[in-house]
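My entries follow the order in which I looked.

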Amino acid sequence: MKLDAIIEKTNAYYCLECGICTGSCPISRINPNYSPRLFVEKSLLISEEELIDDSDLWTCLTCGACSKRCPSLVDYNDFMRQTRNLAIEIDNRGICTHAGTIQSIASLQKKDFVKKDLSWITDDLKIKDKGEVLFFVGCSPYFNIIFNDIGANSLEATKASIKILNSVGTEPVVSPDERCCGHDAYWTGEFETFSQLAKKNLDMIEKSGAKKIVLSCAEGYTTIKSIYPKFFGKLNFEVRHISQFIAEKVEEGELSFKETDLKVTYHDPCRLGRFEGEYDAPRKILQAIPGLELIEMPRNRENSLCCGSSTWINCTQVNKKIQVEKLKEAQQTGASTVITACPKCNIHLNCTMHDNGFHFDMKIKDLSTLVADAILA
Amino acid sequence: MPQYKPNIIFYCCEWNPYIGADNAGAQEIQYPANIRIIPVNCTGRITPKLILNAFEFGADAVLIGACGKGECHYISGNKTCEAVVNETFELLKITGIDPDRLGVELFSDISGEYFASVMTNFNEKISQIGPLLAKEAA
């Protein structure tokens, strides 16, 4: 039985039924019918056929709050992911948000439709065809089009990142052959799509001859850094998130900032924080900007509340309520701007601010946009 | 060598455009047979995914037939369609697919002749652009 192997691999058998996972789960707090503890228990008690037919399988945000606190080290995220692999075999799938547009872009890229238009790279941004440092753009050009109506401006952060690289004298390679990193396909159980995209990306990186990959996207960062090596062997290049890159440069004294009087709070994206343990780099950068006041939310670092939705599936009332909860928490700090380091958190929080008629007097900004604006020319 | 016939998917609103298709059939007016008509209840139902999926599964072009301005049976379906198509044009550009492969036609005229002329013209235009992968991948 395939399920038995999954249970063994993800330590699900060691579940103590303590319920810390359900207590930590942002979904369970709003929708009591969903419980990670019950789901793990069910996997041990009911048959594989029944389990993989369950629609609860697609409710999980894979935010990692439960696995982080589990005393038995059950890897609930991976348990969900592998069970989803089985579920799509019997055509039990999540409900795609945004009419499945983003999923179909990934499958187009799988079929070599990649001649990416680089016209969004304006003249003030310098890029090269070959070099040591490669900037992995990710999906932001697509997001910029799809989420234009909610003012998410995903490309702004990408452009800012290239600007920052330029300002420390690095001209990055931006490849027109780049594909989706496969993050969403991986977490929604479409392993075949993921592995095809990953292989093509690894080929592209090898051909470019880059020794260092910089990303402004937290999801792409964890996918390339931690998930690619799991399946395709050791990487012969270094992977850095833009926040780590900036933090290094700040420490070396290569970057200095203008004075500002902004009051900000920082939202830890789950992929950068809980997945990769990078809590300090973004905070170091924020503290290095003179005059900027960083006010932490009550739940920060590994306890940070998820932005409410992930991998473009199952966005419901429950997810909206999580986002409102997050924004309320941010507003109570008195900060005027919420800083995040993930384009999707940016989109989701902007989406909630945009509709529903809530009155949040805040701005959502990407870390790299803030830094690019604050750099002393 | 046989003449190249592009695969064209035609998302056709069941109101004005489809009445046009019916009329063309009733009057036995010829139009290219390589255009596959997929009736939709209203073009407001079209999503970028439907268009992108058509390309993914081997279509050389996608044509969308909507009702004329102010003639939508559901008041604003063709406006929704316009927004979706504009978004998809942008997406196609950065996906490396020539945006000319996506066509939109507003049908105010429900005559069979008009329908057949739209089909013939679009087919000719796509025949000149050529098959999708062979050109774009080069």
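**Entry 1: chain A**

I looked up the elements of chain A and noted 19 helices and 7 strands, where helices (H or I, at least four residues) and strands (E, at least two) are DSSP runs numbered from the N terminus. The radius of gyration of chain A is 20 Å, close to the 21 Å that the globule rule gives for 377 residues, so chain A is as compact as a globular protein of that length; this radius is taken over C-alpha atoms, and the rule is 2.2 Å times the number of residues to the power 0.38.

I keep in mind that this is a predicted model, in which local features need pLDDT of at least 70 and side-chain atom pairs count only at pLDDT 80 or more, while totals for chains, interfaces and linings use all residues. Residues are numbered from 1 along each chain as its sequence is written, and chains are lettered from A and ligands numbered from 1 in the order in which they are written.

I also noted that buried residues make up 51% of chain A, a residue being buried if 20 or more other C-beta atoms, placed from the backbone, lie within 10 Å of its own.

**Entry 2: chain B**

In chain B I found 5 helices and 4 strands, which run β-α-β-α-β-α-β-α-α from the N terminus on. Of its 138 residues, 43% count as buried, and its C-alpha atoms fill a box of roughly 40 × 35 × 20 Å along the principal axes.

**Entry 3: two helices of chain B**

How do helix 1 and helix 4 of chain B pack? Helix 1 (residues 16-26) and helix 4 (residues 112-129) pack at an angle of about 100°, with their axes 7 Å apart; axes are lines fitted to C-alpha atoms over the stretch in contact, and angles run from 0 to 180 degrees between N-to-C directions. The two helices are therefore roughly perpendicular, the word used for angles of 65 to 115 degrees.

**Entry 4: where the chains meet**

I then noted that 17 residues of chain B are in contact with 18 residues of chain A. Helix 2 (48-56) and helix 3 (77-95) of chain B each supply at least two residues of the side that touches chain A.

Technical notes: Angles under 35 degrees count as roughly parallel, over 145 as roughly antiparallel, 65 to 115 as roughly perpendicular and the rest as oblique. A residue is buried if 20 or more other C-beta atoms lie within 10 Å of its own, exposed if 12 or fewer, and partly exposed in between; C-beta atoms are placed from the backbone. Two residues are in contact if their C-beta atoms, placed from the backbone, lie within 7 Å.
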